[in-house]
Amino acid sequence: MSTRDAAIDRWCSEYADEVGGAGYAQMRGKCARAAVRLSLSFTELRVVKGHALTVWGEQQHWWCEDDAANLYDPTAAQFDGGVLAYAKYCEGDPVRVGKCMQCGDPIFSYSLEDMPARRDFCDDECAGAFAKDTFSDRFDDGDLEFRDRD
């Protein structure tokens with residue numbers, strides 16, 4: 001193990017201590033922050049966004065790589081059974097950003113640069129149906145029309 005790899009391992013161990021441990025509950029949802037912080041501490045690393053294939057399926061995930069494509073994942077310990085494979089995100093790939101509150105279907109974005117801050121419905125039809133189901137008793141005719149917030 002190189003001196004740099006040993007230093008990165010120490011950094012990852014210290015990060016795990018900082019967040020309270022190396023388990024799922026402690027590291028889930030912290031991969032972006034951890035990868036950015038790791039890349040700031042080791043400037044030869046770059047942040048990579050993508051997916052980790054685990055025994056539980058494909059998970060959105062961030063990690064770091066160096067110029068030789070060596071992978072450094074400061075939050076890999078969150079995945080019981082480890083990471084089976086990593087896949088980099090390519091612009092235009094679908095990214096799951098939520099679950100429709102009306103029908104339960106997944107909601108996808110196709111750009112990391114243009115991801116909505118929050119999406120609660122897959123389309124206007126589901127948003128309108130949800131509003132009608134939820135608020136119809138507050139209106140005389142029960143007929144609601146969904147309008148965009150813009």
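These are my notebook entries on a predicted model of one protein chain.

**Entry 1. Overall make-up**

I began with the secondary structure, which comes to 4 helices and 6 strands. Read along the sequence, I get the pattern α-α-α-β-β-β-β-β-β-α. The chain has 150 residues, and 31% of them count as buried. I then looked up the accessible surface, which is about 9,800 Å², with 48% of it belonging to carbon and sulfur atoms. For contacts with a separation of 6 or more, I noted that 40% are between residues 24 or more positions apart.

**Entry 2. Helix H3**

Which residues of helix H3 are buried? In this helix, residues 31-41, I listed Cys31, Ala34, Ala35, Leu38 and Ser39 as buried. Looking down the axis of H3, I find these buried residues within an arc of 130 degrees, so they line one face of the helix. An α-helix has 3.6 residues a turn, so residues three or four places apart point the same way. On the face of H3 turned away from the buried side I found the exposed residues Arg33 and Leu40.

I next asked what the buried residues of H3 pack against. The partners are helix H1 (3-18), helix H2 (24-27), strands S1 and S2, and strand S3 (71-72).

**Entry 3. Histidine 61**

I picked histidine 61, which sits in strand S2. Is histidine 61 buried or exposed? Its relative accessibility is 1%, so I count histidine 61 as buried, the cut-off being under 20%. The side chain of histidine 61 makes a polar contact with the side chain of aspartate 73, at 2.7 Å.

I also looked up the contacts of histidine 61, leaving aside neighbours within four places in sequence. The list includes Cys31, which I had already noted among the buried residues of H3. Val48, Lys49, Gly50, His51 and Ala52 are also in contact with histidine 61.

**Entry 4. Salt bridges**

How many salt bridges does a search of the whole structure find? I recorded 7. Side chains of opposite charge can pair when their charged atoms come close.

Aspartate 5 and arginine 4 meet through their side chains in a salt bridge of 3.8 Å, N to O. Aspartate 5 is partly exposed at 24% relative accessibility, and arginine 4 is partly exposed at 26%. I found these two again in a network of salt bridges that links Arg4, Asp5, Glu44 and Asp66.

Arginine 46 forms a salt bridge with aspartate 67, with the closest N and O atoms 3.3 Å apart. This pair links distant parts of the chain: arginine 46 is in strand S1 and aspartate 67 is in the loop between S2 and S3, 21 residues apart. I noted arginine 46 as partly exposed at 36% relative accessibility, and aspartate 67 as exposed at 73%.

Lysine 88 forms a salt bridge with glutamate 65, and here the closest N and O atoms are 3.0 Å apart. This pair too links distant parts of the chain, with lysine 88 in strand S4 (residues 83-88) and glutamate 65 in strand S2, 23 residues apart. Lysine 88 is partly exposed at 46% relative accessibility, whereas glutamate 65 is buried at 6%.

**Entry 5. Alanine 69**

Where does alanine 69 lie? I placed alanine 69 in the loop between S2 and S3. Phi of alanine 69 is near 65 degrees, a positive value in a residue other than glycine. I wrote this down because most residues other than glycine have a negative phi. Alanine 69 counts as partly exposed, with 49% relative accessibility.

**Entry 6. A nonpolar patch**

Last, I looked at the surface for nonpolar side chains. Leu53, Val55, Trp56 and Leu84 make a nonpolar surface patch of about 470 Å². Of these I followed up valine 55, which is found in the loop between strand S1 (46-54) and strand S2 (57-65). Its relative accessible area is 52%, so valine 55 counts as exposed, the cut-off being over 50%.

Notes. Residues are numbered from 1 along each chain as its sequence is written. This is a predicted model: local features need pLDDT of at least 70, side-chain atom pairs count only at pLDDT 80 or more; totals for chains, interfaces and linings use all residues. Side-chain values use heavy atoms; hydrogens and water are left out. Patches are made of residues with over 30% relative accessible area and no salt bridge: like charges are joined within 9 Å, nonpolar side chains (Val, Leu, Ile, Met, Phe, Trp, Tyr) within 5 Å. Accessible areas come from the Shrake-Rupley method with a 1.4 Å probe; for residues, only the protein chains shown count as cover. A salt bridge is a side-chain nitrogen of Lys or Arg within 4 Å of a carboxyl oxygen of Asp or Glu. Helices (H or I, at least four residues) and strands (E, at least two) are DSSP runs, numbered from the N terminus. Buried means under 20% relative accessible area, exposed over 50%, partly exposed in between (1.4 Å probe, protein chains only). A polar contact is a pair of N or O atoms within 3.5 Å; within protein, one must be able to donate a hydrogen and the other to accept it, and residues adjacent in sequence count only if both atoms are side-chain atoms. Contact means heavy atoms within 4.5 Å. The arc is that of the directions from the helix axis to the C-beta atoms.
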